[in-house]
Amino acid sequence: MTTATFRIHPTPLGEALLLSSAGRLIGLEMLTGPLGPSLEHWARMLSSAPEPDDDAASDAAAQLDEYFDGARQDFDLEIDLSLATGFTRKALEAVLRIPYGETAGYGEVAAAAGSPRAHRAVGTACRLTPISIVVPVHRVVRADGSLGEYGGRPEMKRFLVELERTHRPAGV
């Protein structure tokens, strides 16, 4: 992978760490603490430290703003899921097909990814996604329809699901 660059971008949920490489979004992480540990994690994953760049992932930043304003339902970005492999990648690709404003159960995503009994692995894939929000793992819910934890931040998941329900096109 070529050198990765990053920027910090404000959102209604706090600061987002956006990472890009070769014009593709490779990471979107909602920061929960100091930047240093997150950058160290990414440096390990990428085998080199990402470099700060105010222009990094500028399309992603603009589209994220539109999403939070309710003006964007689909992201039109080149994303790179090469950091996710095997079933994790298949699960995340299945998550990308969940329509805006809708949810799907872990079992449904497992089936769509080709392994109907792998609902727990879907939970792991969602937890490990390198690109949150754009890869809408917040749309994956428990079998009983309850939202679940979202990496220990259920309030963030609730916010995203409600945002989409509020701005969902009529008739959906």
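Me: Is Glu-164 buried or exposed?
Reply: In this predicted model, Glu-164 is buried, because its relative accessible area is 2% and the limit for a buried residue is under 20%.

Me: Which helix is Glu-164 found in?
Reply: Glu-164 belongs to helix α6, which covers residues 154-167.

Me: What does the side chain of Glu-164 make a polar contact with?
Reply: The partner is the side chain of Arg-139, at 2.8 Å.

Me: And what else does Glu-164 touch, not counting residues up to four places away in sequence?
Reply: Besides Arg-139, Glu-164 touches Tyr-67, Tyr-100, Gly-101 and His-138 when those sequence neighbours are not counted.

Me: Let us move to Val-140. Where is Val-140 found?
Reply: Val-140 is in strand β6, residues 140-141. Val-140 is buried, with a relative accessible area of 0%.

Me: Which residues is Val-140 in contact with, leaving aside neighbours within four places in sequence?
Reply: Among them are Val-95, Ile-98, Tyr-106, Val-122, Cys-126 and Lys-157.

Me: How many Å apart in space are Val-140 and Pro-34?
Reply: They are 28 Å apart, C-alpha to C-alpha, and 106 residues apart in sequence.

Me: Now helix α5. Which residues of α5 are buried?
Reply: In helix α5, residues 119-128, the buried residues are Val-122, Ala-125 and Cys-126. Seen down the axis of α5, these fall within an arc of 100°, so they line one face of the helix.

Me: Why would residues three or four places apart point the same way in an α-helix?
Reply: An α-helix has 3.6 residues a turn, so residues with that spacing point the same way.

Me: What is exposed on the other side of α5?
Reply: Arg-120 and Arg-127 are exposed there.

Me: And what covers the buried residues of α5?
Reply: The cover includes α3 (86-95), α4 (106-112) and β6.

Me: A new topic: which strand does Leu-28 lie in, and is Leu-28 buried or exposed?
Reply: Leu-28 lies in strand β3, residues 24-30. Leu-28 counts as buried, at 2% relative accessibility.

Me: What does Leu-28 touch, not counting residues up to four places away in sequence?
Reply: Its contacts include Ala-16, Leu-17, Leu-18 and Leu-64, and also Pro-130, Ile-131 and Val-134.

Me: Finally, what feature does UniProt place at residues 10-81?
Reply: The unreviewed UniProt entry places "domain: Methylguanine DNA methyltransferase ribonuclease-like" there. Over residues 10-81 the chain is 32% helix and 26% strand, with the end C-alpha atoms 23 Å apart.

Methods
Residues numbered from 1 in each chain as written. Predicted model: local features only at pLDDT ≥ 70, side-chain atom pairs only at ≥ 80, totals over all residues. Heavy atoms only, no water. UniProt positions renumbered as here; feature names shortened; annotations may be inferred. Helix = DSSP H or I, 4+ residues; strand = E, 2+ residues; numbered from the N terminus. Buried < 20%, exposed > 50% of the residue type's maximum accessible area, 1.4 Å probe, protein only. Polar contact = N/O pair within 3.5 Å; in protein donor to acceptor, adjacent residues only side chain to side chain. Contact = heavy atoms within 4.5 Å. Arc of directions from axis to C-beta.
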